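Biologist: I'm new to this one. Can you walk me through it, starting with how the helices pack?

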Amino acid sequence: MHYLNSVNHTLNSMKDLLKIEAMVRLLRKFCYNRLKLLFFERRTLMTAIDVSEYILQYASGKGQQITNLKLQKILYYVQGYSLGLFEAPIIEDDFVHWQYGPVCQSAYFQFSTNGAEYIIPSPAAPSSLGCSGSMQRKLDKVINACLWKTARELVDMTHNEAPWRNTADREVISQSSIRQYFTNHDPLKIK
């Protein structure tokens with residue numbers, strides 16, 4: 001009987017060790033992913049103004065002109081795909097629920113003097129988004145897909161998407177809701 005108790009105790013101890021090992025593996029994976037994310041974010045976060053200038057320059061190179069309304073939607077899709085595909089934001093600013101879809105207020109006010117007119121790109125615009133080549137190529141695809149849509153089409157698209165629909169007027173649209181949506185959806189059909 002003593003032998004069986006000893007075996008049971010040993011088996012229970014082994015089960016406990018296996019549970020602890022599994023928890024340690026999960027913790028290591030979590031810590032690794034968080035550190036990787038923090039490192040990634042620090043290297044690639046840009047202001048909405050810098051990303052806007054890049055988008056305007058990119059559009060100009062494609063023979064396209066952009067209004068502030070359209071720029072806001074392109075910024076939102078760039079951020080959404082960055083969060084959905086790469087699990088990290090590219091833009092450090094938040095997006096807010098406005099009547100005509102998500103708006104990054106710092107960029108909106110920077111270019112608001114243009115009204116509904118086209119925005120002229122700055123000659124000092126950044127030549128890249130400051131991220132890896134594969135990320136740059138994917139985000140360029142996002143911008144390119146948006147360029148061939150009208151501002152109204154982009155507004156309508158954002159109005160049908162959960163992050164905007166599930167947020168009250170003038171409320172910040174959470175990065176987690178944007179990430180979740182773009183992880184599970186491909187509204188521009190670029191994946």
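Modeller: Start with helix α2 (residues 48-61) and helix α5 (residues 133-147). Their axes come within 11 Å and cross at roughly 65°. Axes here are lines fitted to C-alpha atoms, for helices over the stretch in contact, and angles run from 0 to 180 degrees between N-to-C directions. This is a predicted model: local features need pLDDT of at least 70, side-chain atom pairs count only at pLDDT 80 or more, and totals for chains, interfaces and linings use all residues. Residues are numbered from 1 along each chain as its sequence is written, and side-chain values use heavy atoms, with hydrogens and water left out.

Biologist: What do you call the arrangement of α2 and α5 relative to each other?

Modeller: α2 and α5 are roughly perpendicular to each other. The cut-offs: under 35 degrees is roughly parallel, over 145 roughly antiparallel, 65 to 115 roughly perpendicular, and the rest oblique.

Biologist: Which residues of α2 and α5 meet?

Modeller: From α2, Tyr 54, Ile 55, Tyr 58 and Ala 59. From α5, Gln 136, Asp 140, Ile 143, Asn 144 and Leu 147. Contact means heavy atoms within 4.5 Å. By class, the contact of α2 with α5 has 6 nonpolar, 2 polar and 1 charged. Ala, Val, Leu, Ile, Met, Phe, Trp, Tyr, Cys and Pro count as nonpolar, Asp, Glu, Lys and Arg as charged, and the others, Gly among them, as polar.

Biologist: And at what angle do α2 and α3 pack?

Modeller: About 110°, for α2 and helix α3 (residues 68-86), with their axes 10 Å apart. That makes α2 roughly perpendicular to α3. On the α2 side, Ala 48, Val 51, Ser 52 and Ile 55 make the contact. On the α3 side, Leu 71, Ile 74, Leu 75 and Val 78 do. The contact of α2 with α3 has 7 nonpolar, 1 polar and no charged residues.

Biologist: Staying in α3, is Gln 72 buried or exposed?

Modeller: Gln 72, which lies in helix α3, counts as buried at 1% relative accessibility. Buried means under 20% relative accessible area, exposed over 50%, and partly exposed in between, with a 1.4 Å probe and protein chains only.

Biologist: What does Gln 72 touch?

Modeller: Not counting residues up to four places away in sequence, Gln 72 touches Phe 95, Pro 102, Val 103, Cys 104, Ala 107 and Tyr 108.

Biologist: Which residues does Tyr 81 contact?

Modeller: Tyr 81 also lies in helix α3. Tyr 81 is buried, with a relative accessible area of 0%. Leaving aside neighbours within four places in sequence, its contacts include Phe 86, Leu 139, Val 142, Phe 182 and Asp 186. Tyr 81 and Phe 182 are 101 residues apart along the chain, yet their C-alpha atoms are separated by 6.0 Å.

Biologist: Let's switch to the strands. Where does Ile 173 lie?

Modeller: In strand β3 (residues 172-173). Ile 173 counts as buried, at 1% relative accessibility. Beyond four places in sequence, its contacts include Phe 95, His 97, Pro 163 and Trp 164. The C-alpha atoms of Ile 173 and Pro 163 are separated by 6.3 Å.

Biologist: Zoom out. How many helices and strands are there?

Modeller: The protein has 8 helices and 3 strands. Helices (H or I, at least four residues) and strands (E, at least two) are DSSP runs, numbered from the N terminus. Their pattern along the sequence is α-α-α-β-β-α-α-α-α-β-α.

Biologist: What share of the residues is buried?

Modeller: Buried residues make up 40% of the 191.
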